[in-house]
Amino acid sequence: MRVALLGTAAGGGFPQWNCWCPSCRVARQNPQAARPRRQSSAAISIDGQRWFLLNASPDVRDQLAQLFRATPATIRHVPIEGVLLTDAELDHTLGVVLLREARHLPIFSTAAVCAMLERDSRILPVTRAFCDVPVKELLLDTRQPLLYRDGSPSGLSVEAFAVPAGPPRFARSDDVGHTVGMALVDENSGRMCAFVPACGRLTASLLERFAQADVLLFDGTFWTDDELIALGVGDRTARQMDHLPISGPEGSLEQLAALPCRHRIYTHINNTNPMLVEYSPECAMVRRAGLTIGVDGLEINV
Ligand code: MLT
Ligand code: MN
Ligand code: ZN
C-alpha cells in the first residue's frame, strides 16, 4: 500500500495568502526553512497507478499533477478511482467541483457528510451538472471494500469512525458521522493507515484504534490552544474549533508519542503553527518524540 501526502497545510495553505504571522513570514523569505504547503489531502494506492483521494482540496489540480507524471495511453486519463471524504469542510471538499471533468467520480462518505454536500454547501448538485457523481455510503465502524470505477476490487478496504468534533459552520444540522477518521487497510498484507485530519479530542477507544495503525496521519492544526487568540487573528481556541492542540498536558504529542505505530505524521497544519519553521524548538520537540511533521510529496510504502 502506498500513501502519498498531497497537501499538509490546513485551510488557506502555507503561507496563507493574507497572513504575515511569524511562520508565514519565514515561508516567504526563506522557504528552505519553512516549506510551503498545499491544503490537506492524501492519496492511497495498491499499484501506484490507480489512486483513491483522501479529501479533495482546492489545490487538487496541482496535487494530481504531482501524483501522476507518466504519459497515459489514452487522451483523457483519470488516475483517481474515487474520493473519500472525512467531513464536508470547504478545504476538504472544494476539490470535488474542480474534478468535474472526470465524467465519472465516485465519492465515498457517510450519509451525514453526503447530506451536507447535497443541501448545505451544494457541492454535489453543482458537480453533478457536469459529471456523474455516485455516492457510496460509508457506515460507521463497518469495514467496506473499496472498488475501482469498473467494479473490480482494489484490494483496499475502509472503515469510517466518528471523531469528536462539531459540524462545519455552514451546516444546518449536527448529524452523527459528520466528521470521521478512516482506517484504510491493505487486505493482502493487513497493513493499516489511519487518516484523521480533524479531531477535537483523543479518547481511549481512538488511541486503541490508532495503536493498530502502521501509518497514522493526524490533526496537526495548532500548536497551542490559544494560538489564534495570542496572535490577535481569531477569537476561538483550538479546542473550540475542534482541533486538539499538539502541545501541553493532554495535547496530542504527549498522547501519540506513546503509540507503537511505525509512522506517526502530523497533517492539516495551520499556517500559524510554529513547528512549520524547521529550526524552531517546537519542530525539535516533535522530532524528539518520534513523530514526523508532514510535508507535501512525502510518500510511504507499507
Ligand atoms: C477547520 O479545519 O476547522 C475548517 O476547515 C475551518 C475552515 O473552513 O476555515
Ligand atoms: Mn480544515
Ligand atoms: Zn500565517
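This is a predicted model: local features need pLDDT of at least 70, side-chain atom pairs count only at pLDDT 80 or more; totals for chains, interfaces and linings use all residues.
Trainee: In which sense do strand E9 and E10 pair?

Mentor: Two strands are said to pair if DSSP finds at least two bridges between them. In this case Val 185 stands opposite Met 192 in E10. Over four bridges, strand E9 (residues 180–186) and E10 run in the sense called antiparallel.

Trainee: How many residues of E10 are buried?

Mentor: Buried means under 20% relative accessible area, exposed means over 50%, and partly exposed is in between, computed with a 1.4 Å probe on protein chains only. On one side of E10 lie Met 192, Ala 194 and Val 196, on the other Cys 193 and Phe 195, and both faces are covered. The strand is largely enclosed by the rest of the structure because the buried count is five of the five.

Trainee: Which residue is the bridge partner of Ile 265 in E13?

Mentor: E12 and E13 pair through two bridges in the parallel sense. In E13, the partner of Ile 265 is Thr 292.

Trainee: Which residues of H6 are buried, and what do they pack against?

Mentor: The buried residues of H6 are Leu 206, Leu 207 and Phe 210. They share one side of H6 because their arc around the axis, taken from the directions of the C-beta atoms, covers only 100 degrees. On the other side, Ala 204, Ser 205 and Glu 208 are exposed. Contact means heavy atoms within 4.5 Å, and the buried residues pack against E8, E10, E11 and helix H8 (252–256).

Trainee: Why is the arrangement around the zinc ion (ligand 3) tetrahedral?

Mentor: Donors are N, O and S atoms within 2.8 Å of the metal (3.2 Å for Na, K and Ca), and sites may look incomplete since water is not among the atoms. The protein donors here are Cys 19 (SG), Cys 21 (SG), Cys 24 (SG) and Asn 271 (OD1), at 2.1 to 2.3 Å from the zinc ion. Four donors count as tetrahedral if all angles lie between 85 and 135 degrees, whereas four count as square planar and six as octahedral if opposite donors are over 155 degrees apart and all others between 65 and 115, anything else being irregular. The arrangement is tetrahedral because the four donor atoms subtend angles of 100 to 121 degrees.

Trainee: How many residues apart in sequence are the parts tied together by Cys 21 and Asn 271?

Mentor: The donor residues of the zinc ion (ligand 3) follow the spacing C-x1-C-x2-C-x246-N. Cys 21 sits in the loop between strand E1 (2–7) and helix H1 (22–29), and Asn 271 in the loop between strand E12 (263–267) and helix H9 (281–288), so the number of residues separating the parts they tie together is 250.

Trainee: Which residues coordinate the manganese ion (ligand 2)?

Mentor: At 2.1 to 2.2 Å, the manganese ion (ligand 2) is coordinated by Asp 91 (OD) and His 268 (NE2). This pair links distant parts of the chain, with one residue in helix H3 and the other in the loop between E12 and H9, 177 residues apart. Both count as buried, at 12% relative accessibility for Asp 91 and 5% for His 268.

Trainee: Is Gly 11 buried or partly exposed?

Mentor: Gly 11 lies in the loop between E1 and H1. Leaving aside neighbours within four places in sequence, its contacts are Gln 16, Gln 39, Asp 91, His 268 and Asn 270. At 28% relative accessibility, Gly 11 counts as partly exposed.

Notes:
Residues are numbered from 1 along each chain as its sequence is written. Chains are lettered from A and ligands numbered from 1 in the order in which they are written. Side-chain values use heavy atoms; hydrogens and water are left out.
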